[in-house]
Amino acid sequence: MTHTVRFGSFAADLAAGELLQHDKRIRLQDKPFQILITLLQQPGEVVTREELRRRLWPADVFVDFDHSLKTAIGKIREALGDSAQRPRFIETLPRRGYRFVAPVEKTADAPPQPHSGRARVAVLPFENLSGDREQEYLSDGMTEEMIAQLGGLHPQQLGVIARTSAMRYKHTHKGIDEIGRELNVDHVVEGSVRRSGDRVRITAQLIKVSDQTHLWAESYERDLRDILALQTQVAQRIAAEIKVKLTPRERAHLTAGGHAAVNRESYEAYLKGRFQLNARSPEGIRRSIEYFQASVERDPAYAPAYAGLADAYRALAVFGLSSPGDVCPKSKAAATRALELDVDLAEAHASLAGVKFRFEWDWAGSERAFQRALELNPSCAEAHRVYALFHQALGRFDEAIAEAQRAREADPLSLLMETAVGWALYFAGRYNEAIRQYETTLEADPNFVPARYNLGRAYAQKRLFREAIAELERAVVLSKRQPHYLAGLGNVYARAGKKGKAGAVISELGRLSKRMLVLPYDMAGVYAGLGKKMEALGWLEKACEERSVRLVLAAVDPTFNGLRSERRFRKILERIGLAGTRR
């Protein structure tokens with residue numbers, strides 16, 4: 001019986017449902033893997049779309065078959081590094097189906113298994129058993145805190161899937177084996193939370209993905225004020241079952257963090273703040289600040305609440321909801337206070353890194369903070385993502401791509417992390433690869449605005465203006481005409497020779513500026529597209545005065561290639577500390 005199919009540098013283990021390359025497991029979801037196996041079983045032959053539908057999409061399940069099949073094929077090609085235009089493995093036959101064109105070797109031997117020695121675990125969303133949807137913040141908060149606890153353990157032995165990907169499985173009906181394959185993990189933590197008054201009952205269990213055995217399960221009942229000690233106890237048990245050997249320092253820090261009782265009202269306000277901030281909406285960000293402030297008022301010594309407050313203030317500037325001058329001092333003060341209370345809190349180091357990078361242009365200080373945050377919690381996808389942006393700003397493109405890939409590995413189902421990989425490729429000038437990455441992301445969600453917008457920008461760099469404008473116009477509509485996306489469209493209108501439309505965008509941005517924040521950096525981009533250098537430089541100088549969060553990319557942003565020989569532009573880069581940076 002055939003167990004393994006080898007092709008090129010890859011091996012597909014049919015029994016285990018795994019794809020490997022040079023003994024390293026490659027992430028591939030269940031449906032794409034099943035399609036790959038179907039093609040591998042008939043090498044050189046056409047596998048029709050109808051055959052794939054019949055074998056893999058049951059007739060009684062309603063799906064958008066065309067979209068689902070295209071998405072699955074895209075994910076296979078991404079995993080194999082293949083291209084629809086120049087296929088090495090999978091050839092598309094329009095309106096007919098697909099054919100596997102590379103030589104294959106079928107054997108009965110099991111493929112070599114990865115021997116990284118690093119276990120990977122996913123904490124699935126804890127189920128809210130309280131019968132009250134208003135208590136969702138508690139179950140979601142327990143999930144997030146458990147991810148943070150485990151993520152801070154021994155990084156050489158344990159990798160933890162980030163929150164965004166984990167939360168995609170909330171209320172899922174998928175089996176543990178399918179989830180394990182999709183997230184490429186060895187173990188899964190499941191749990192539930194039930195609250196009655198000030199008492200909380202938590203049940204948690206650890207499951208081994210390969211054979212779905214329950215390695216450990218336990219139930220606990222505590223006062224809400226003892227929740228930190230409970231989380232620590234659960235994390236220690238999971239670490240022990242996975243055979244993670246903690247250093248004395250790691251064990252001491254974990255124990256110290258769990259011994260302190262937390263003020264119930266402060267902890268609840270903190271969880272509600274994180275719940276609102278994770279929504280990533282303008283209203284959610286503003287409400288999160290209210291909750292974090294309430295948390296520190298009730299317990300001025302609770303460090304995580306200060307870190308949350310720092311993140312929320314920074315988000316106001318990043319999302320264009322407040323000027324950097326208004327929120328930078330508040331964000332830095334909150335991050336600094338969090339570190340005064342807990343010098344080993346990874347979230348606080350990440351918060352301070354963001355302030356020093358985006359607001360203060362303290363390149364050495366921000367890099368130290370990023371490195372410390374990731375040393376304390378290597379599974380923090382958001383820290384990897386922003387650190388990738390830091391590398392991009394300095395022209396370290398190989399490091400940026402590697403860091404973005406680490407972010408995606410930590411949060412494999414996050415569209416934002418997928419887009420971050422494309423963004424790093426874009427700034428490196430690898431536009432074809434960036435386009436393929438964005439297309440893959442959009443196959444998962446065609447309405448994901450950042451990927452749609454960045455796809456348009458990549459097309460523009462290849463002077464494919466018709467395709468670029470189509471993507472950017474759609475991004476503007478999907479974003480409900482947010483100024484940032486509108487300005488990007490204006491820049492490409494101008495570069496495509498549609499100066500009247502570019503002028504109309506400038507007029508619209510002027511009207512919008514009377515009721516919302518329009519960043520001068522974005523305005524500069526439209527004028528740069530029009531070739532109006534003096535106006536573009538004036539807006540960039542204003543962005544410099546306001547310490548615009550986007551200005552950190554000025555040295556490498558191709559939008560401003562036409563300004564690089566200007567003395568005023570070089571002066572701006574000197575003020576930012578990027579005078580020696582080159583694309």
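In what order do three strands form an open sheet? The order is β5-β7-β6, and the pairing is antiparallel. This briefing walks through that sheet, the helices beside it, some hairpins and a handful of single residues.

Please keep in mind that this is a predicted model, in which local features need pLDDT of at least 70 and side-chain atom pairs count only at pLDDT 80 or more, while totals for chains, interfaces and linings use all residues. Residues are numbered from 1 along each chain as its sequence is written, and side-chain values use heavy atoms, with hydrogens and water left out.

**The three-stranded sheet**

- Helices (H or I, at least four residues) and strands (E, at least two) are DSSP runs, numbered from the N terminus.
- Two strands count as paired if DSSP finds at least two bridges between them.
- β5 (46-48) and β6 (90-93) stand at the edges with a single partner strand each, so one side of each has no neighbour in the sheet.
- On average, neighbouring strands of this sheet are turned by 30° against each other, direction ignored.
- β6 and strand β7 (residues 97-100) run antiparallel and are joined by four bridges.
- Across from Glu91 stands Arg99 in β7.

**Helices beside the sheet**

- Contact here means heavy atoms within 4.5 Å, and axes are lines fitted to C-alpha atoms, for helices over the stretch in contact, with angles running from 0 to 180 degrees between N-to-C directions.
- Helix α1 packs on the sheet and touches β5, β6 and β7, its direction making about 65° with that of β7.
- Helix α3 lies across β6 and β7 and runs at about 155° to β6.
- Two packed helices are described by the angle between their axes and the distance between the axes.
- For α1 (residues 30-40) and α3 (residues 65-80), the axes come within 9 Å and cross at roughly 80°.
- On the α1 side, Pro32, Ile35 and Leu36 make the contact, and on the α3 side it is Leu69, Ala72, Ile73, Lys75, Ile76 and Leu80.
- By class, the contact of α1 with α3 has eight nonpolar, no polar and one charged residues; Ala, Val, Leu, Ile, Met, Phe, Trp, Tyr, Cys and Pro count as nonpolar, Asp, Glu, Lys and Arg as charged, and the others, Gly among them, as polar.

**Other strand pairs**

- Strand β2 (residues 10-13) runs antiparallel to strand β3 (residues 18-21), with four bridges joining them.
- In that pair, Asp13 stands opposite Glu18 in β3.
- β3 is also joined to strand β4 (residues 24-26), by three bridges and again antiparallel.
- Leu19 has Ile26 of β4 as its bridge partner.
- Strands β13 (residues 199-208) and β14 (residues 213-223) pair in the antiparallel sense over ten bridges, and Val200 stands opposite Arg222 in β14.
- Four residues lie between the strands of the β13 and β14 hairpin, where Gln212 takes a positive phi near 60°.

**Buried residues to look up**

- Buried means under 20% relative accessible area, exposed over 50%, and partly exposed in between (1.4 Å probe, protein chains only).
- Ser414 sits in the loop between α16 (397-410) and α17 (415-427), and it is buried, with a relative accessible area of 4%.
- The side chain of Ser414 reaches the backbone nitrogen of Met417 at 3.2 Å.
- Not counting residues up to four places away in sequence, Ser414 touches Thr164 and Ser165.
- Ala335, in helix α12 (residues 324-341), is buried at a relative accessible area of 0%.
- Ala335 touches Tyr306, Ala310, Ala348, Ser351 and Leu352, again leaving out residues up to four places away in sequence.
- Ala434 belongs to helix α18 (residues 431-444) and counts as buried, at 0% relative accessibility.

**Positive phi in loops**

- Most residues other than glycine have a negative phi, and most peptide bonds are trans.
- Asn184 has a positive phi near 55°; its place is in the loop between α6 (176-183) and β12 (187-196), and it is buried at 13% relative accessible area.
- Arg547 has a positive phi of about 55°, lies in the loop between α24 (533-546) and α25 (567-576), and counts as partly exposed at 34% relative accessibility.

Key:
A polar contact is a pair of N or O atoms within 3.5 Å; within protein, one must be able to donate a hydrogen and the other to accept it, and residues adjacent in sequence count only if both atoms are side-chain atoms.
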